[in-house]
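Student: I would like a close look at a single part of this protein, namely its disulfides and the way they relate to the nonpolar core and to the helices around them. Please take it step by step, in one connected answer.

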Amino acid sequence: MARSGALVVLALAVFLVAAAPRATEALTCGQVVSFLQSCIPYARGTGQLTGACCSGVRSLNAAAKTTPDRQTACSCLKSTVAGLKGIQTGTVAGIPGKCGVSVPYPISATVDCSKVK
């Protein structure tokens with residue numbers, strides 16, 4: 001359950017990360033899921049958008065500073081969301097904007113992560 005929610009959050013994070021620079025260590029799928037885990041209830045329509053979710057989205061965006069990090073986040077989110085039930089894709093796509101984070105590409109299950117820069 002937490003993993004599927006993390007996937008949705010990860011997909012959102014990947015898109016948010018496209019605009020952020022990166023530090024020295026490579027971003028991992030586990031980190032992406034950790035950043036976005038608190039967004040799962042909202043993505044499923046069973047909870048409200050929380051400050052913790054938005055904080056995770058901002059943190060992921062800040063952590064994904066390189067193209068490889070953003071592509072990792074994208075791939076992680078796509079695979080996680082694919083395994084989740086009850087995720088509302090339209091809701092997920094709107095999370096960055098509701099959190100005040102600008103993402104330069106659409107948040108979608110059909111995005112080609114290899115093209116994320």
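Tutor: A nonpolar core is here a set of buried Ala, Val, Leu, Ile, Met, Phe, Trp, Tyr and Cys residues joined through side-chain atoms within 4.5 Å. In this model, which is predicted, the largest such core has 24 residues, and those with the most contacts inside it are Leu 27, Val 32, Leu 36, Cys 39, Val 57 and Ile 95. Two or more residues each are given to this core by helix H2 (29-36), helix H4 (51-63) and helix H5 (67-82), and the largest share, five residues, comes from H4. Apart from this core lies another one, of six residues, including Ala 43, Ile 87, Val 92 and Ile 107.

The mean pLDDT of the protein chain is 81, with 79% of its residues reaching 70 or more. Among the elements, helix H4 has the highest mean pLDDT, 95, whereas helix H1 (residues 2-17) has the lowest, 45. Over residues 5-23 the pLDDT is below 50, although this stretch has 112 contacts in the model beyond near neighbours in sequence.

Now to the disulfides themselves. With sulfur atoms within 2.5 Å taken as the criterion, the count comes to four disulfides, and when the bonded cysteines are numbered in sequence order, the pairing reads 1-6, 2-3, 4-7, 5-8. Three of these links can be followed in detail.

In the link of Cys 29 and Cys 76, the sulfur atoms are 1.8 Å apart, and a torsion of 70° about the S-S bond makes the link right-handed. This pair connects distant parts of the chain, with Cys 29 in helix H2 and Cys 76 in helix H5, 47 residues apart.

Because Cys 54 lies in helix H4 and Cys 99 in the segment after H6, the pair ties together parts that are 45 residues apart in sequence. Both Cys 54 and Cys 99 are buried.

The link of Cys 74 and Cys 113 has its sulfur atoms 1.9 Å apart and is left-handed, with -70° about the S-S bond. Since Cys 74 lies in helix H5 and Cys 113 in the segment after H6, this pair ties together parts that are 39 residues apart in sequence. Cys 74 and Cys 113 are both buried.

Just after H6, Gly 100 takes a positive phi of about 75°.

How values were computed:
Residues are numbered from 1 along each chain as its sequence is written. This is a predicted model: local features need pLDDT of at least 70, side-chain atom pairs count only at pLDDT 80 or more; totals for chains, interfaces and linings use all residues. Side-chain values use heavy atoms; hydrogens and water are left out. Buried means under 20% relative accessible area, exposed over 50%, partly exposed in between (1.4 Å probe, protein chains only). Helices (H or I, at least four residues) and strands (E, at least two) are DSSP runs, numbered from the N terminus. pLDDT is the predictor's confidence in each residue, from 0 to 100. Contact means heavy atoms within 4.5 Å.
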